[in-house]
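Subject: Structure handover

Hello,

Here is the structure for your files. My notes on it follow below.

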Amino acid sequence: MSRNLTPEVEKFIGEQLAEWPLAASNFNALAGVEVKELDLPGLHIKVQFNPARIVSSGAKVDAASVKARKCFLCEANRPSEQRGIDWDRYTILINPFPIFPRHLTIPDKTHTDQLIEGRAADMFRLAEELPGYTVFYNGPRCGASAPDHMHFQAGNSDFLTVGEAIENAELRTVAESGDSTLSLAYGLPMSVFVIDTDNAETGAELFDRLYRALPVPEGEAEPMMNILCYTTPAGLRMVVIPRKKHRPSFYGTEGEGAMLISPASVDMGGVFITPRPEDFKTIDGEIITKLFNELCLASEEAEGIAEKI
């Protein structure tokens, strides 16, 4: 039986906020974050105006920029106030630039590239041991601001909206392994694969089948994707959102229609983060639909992948 880490993590968050003024200030600022809500077919969207997140949304993640800076996830380069909880080959940290009321970053203890292959079981086990949290993974060009250092993140599950959307979606089974299923969800504004399991290893086997079927864009080390994983009353659920593009055509800070929006798992999970007031004011359902259409697989593409599995 898995342990429940949530009480230890909640205590740890409180201790870190008492010890680390920068993190405490940014967590406290969440209380005043402005939010607006939009409805797309099949998915309720929240838009958060969060100026502190410009560190992530505006991050330069090209190879030269990454090489030129120190890795902020390596223990040697972390702020002196930042402590962690050991978990297998990872360390659980608080994220000092939060989106969630409880926001964690979970880096590998070694400096190794952000790649999910061989780590799906870790993700399932983390979700199992952190009930009430959604564990998520951003591919190296799918919202990760540290593509050079393998890490997960986690935040309180009641914050995202995609979970409820999937409960109301039609799930068509693509593959099965024992009592575990891999499904394709219908009725959402983007293509989503869903793995339901009660066993981390079996769930990882189904993920590996999906991983091998997904296209690897030229120049990429793995298929582009965002992944969310959390517990449900029935067991463990992993939501895989394949991507085909890093940022929307209108990403930027200059020019008509430019918006500083760099979608990651949280945005794909139904909460869009806008660090600039003009973007928060402008963004609407039409813009988000355009973004999904540009970045995510079309339904025919997702169905073609399902046929390969």
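Strands β8 and β9 form a hairpin with 2 residues between them, and glycine 178 in the turn has a positive phi of about 60 degrees. Strands here are DSSP runs of E of at least two residues, numbered from the N terminus. This is a predicted model, in which local features need pLDDT of at least 70 and side-chain atom pairs count only at pLDDT 80 or more, while totals for chains, interfaces and linings use all residues. Residues are numbered from 1 along each chain as its sequence is written, and side-chain values use heavy atoms, with hydrogens and water left out.

The pairing of β8 (residues 170-177) with β9 (residues 180-186) is antiparallel, over 7 bridges; two strands pair if DSSP finds at least two bridges between them. Leucine 171 has alanine 185 in β9 as its bridge partner.

The whole structure was searched for disulfides (pairs of cysteine sulfur atoms within 2.5 Å), and 0 were found. Cysteine 71 is in none, and the nearest cysteine sulfur, in cysteine 74, is 3.8 Å away. Cysteine 71 counts as buried (under 20% relative accessible area, with a 1.4 Å probe and protein chains only) because its relative accessibility is 5%.

Regards

Technical notes: Helices (H or I, at least four residues) and strands (E, at least two) are DSSP runs, numbered from the N terminus. Buried means under 20% relative accessible area, exposed over 50%, partly exposed in between (1.4 Å probe, protein chains only).
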